[in-house]
Amino acid sequence: MRVVWHISKMIGIKVFLRRIAAPIAIVLAGLALGSNAAAQDEDGFQAYLQTLAAEAEARGVTRATIDAVVPTLTFQSRVVELDRAQPGAIANAPVPDFAPYKERHVDASRINRGRVAYQSLRPRLSAIERETGVPESIMVAIWGHETNYGAVTGNFDLPRALASLAYDGRRRELFSAEFIATLQMMDRGVPRGQLKGSWAGATGNPQFLPSVYIRLARDGDGDGRADIWTNEADTLASIANYFVNAGWRAGQPWGLAVAVPATLDREAIRNRTKAPRCARVFERHSGWKSMAEWRALGMVPLDKVWPDDQVQATLLEPDGPGKTGYLLTSNYRVILDYNCSNFYALSVGLLSDAVER
């Protein structure tokens with residue numbers, strides 16, 4: 001009986017081994033394929049780096065900077081995965097309510113930290129506002145919304161991430177240009193170790209892309225550097241300069257919250273033009289009217305006085321009829337230039353109002 005038992009046990013083991021052999025082979029083959037694909041990606045990436053290096057040199061980047069950076073880079077598949085996972089614009093997708101987003105982004109913690117920054121930096125902020133016309137509270141609100149006042153700025157190595165995204169090719173023109181701008185930043189004296197940021201290349205307290213840094217970063221304290229990573233004065237001056245460049249109008253509010261009368265004829269105020277960019281954002285806005293015209297239609301401000309009668313504004317009802325509406329000026333569109341999202345721009349405006357109170 002023991003012999004029979006041993007024989008049956010051996011047969012059972014053989015059957016078991018046969019059953020698992022195929023799945024193991026498949027897994028091993030998959031690992032081998034993955035390893036081969038990774039090796040091919042790395043080989044292709046290294047070849048592409050020579051193209052990037054030539055483009056950078058043609059754009060005036062010094063050979064010393066190119067030689068210091070390009071040989072150190074390896075392909076980063078993670079940033080490509082993150083880029084490919086970005087949701088596309090679905091024309092008929094329902095738009096969620098703004099209220100939950102507002103609760104997360106204009107919360108007590110962000111308001112309180114903003115008020116501390118606002119009060120502690122008033123001398124610097126007021127000087128920048130006098131020079132640029134951009135309100136102190138707007139600068140603080142952008143800083144708070146982008147990185148929670150510098151707490152979360154990203155830890156991806158910018159040259160590696162941008163070169164990998166350029167190699168992937170989905171948005172090659174964008175990312176190759178940003179990679180070259182990163183090298184130009186180094187030529188301007190920005191240390192390589194400071195070039196950290198989001199997976200898509202946004203860096204520093206205001207989350208500027210490298211090309212934006214090159215164009216718009218400013219020295220806010222006169223030390224000869226535009227340090228948007230550790231210097232609060234430079235951060236705020238750079239944000240203000242971005243807004244000036246985008247067309248901020250001094251003395252005009254970003255907008256105001258209003259109670260919308262139930263009798264409003266929304267078809268009569270419908271926006272009949274199509275924006276060339278961010279169409280889904282702007283199609284939610286009404287046509288333009290003066291503040292005097294909106295007042296005549298029965299709008300009632302909830303927490304601000306009426307701006308000048310001639311100021312033009314559009315109406316946005318982010319949570320639908322019966323909820324709070326917002327009359328939005330051209331300065332609101334400057335905030336949209338920073339990030340083309342109604343929820344983002346509304347939150348920046350509301351945060352700026354809250355930290356100023």
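A salt bridge is a side-chain nitrogen of Lys or Arg within 4 Å of a carboxyl oxygen of Asp or Glu, and the legends below apply this term to a predicted model, which holds 16 salt bridges.

**View 1. The salt bridge between arginine 171 and aspartate 83.** The closest N and O atoms of arginine 171 and aspartate 83 are 2.4 Å apart, and the pair links distant parts of the chain, with arginine 171 in the loop between α8 (158-168) and α9 (172-187) and aspartate 83 in helix α3 (residues 77-84), 88 residues apart. Arginine 171 counts as partly exposed because its relative accessibility is 32%, whereas aspartate 83, at 2% relative accessibility, counts as buried.

**View 2. The salt bridge between arginine 110 and aspartate 107.** Here the two side chains meet with an N to O distance of 3.5 Å. Arginine 110 has a relative accessibility of 14% and therefore counts as buried, while aspartate 107, at 22%, counts as partly exposed.

**View 3. The salt bridge between aspartate 157 and arginine 192.** These side chains meet at 3.0 Å, N to O; because aspartate 157 lies in strand β1 (residues 156-157) and arginine 192 in the loop between α9 and β2 (196-197), the pair ties together parts that are 35 residues apart in sequence. Aspartate 157 is buried, with a relative accessible area of 15%, and arginine 192 counts as partly exposed at 25% relative accessibility.

**View 4. A network made of Glu57, Arg63 and Asp67.** In this view, salt bridges that share partners join Glu57, Arg63 and Asp67 into one network.

Note on methods
Residues numbered from 1 in each chain as written. Predicted model: local features only at pLDDT ≥ 70, side-chain atom pairs only at ≥ 80, totals over all residues. Heavy atoms only, no water. Helix = DSSP H or I, 4+ residues; strand = E, 2+ residues; numbered from the N terminus. Buried < 20%, exposed > 50% of the residue type's maximum accessible area, 1.4 Å probe, protein only.
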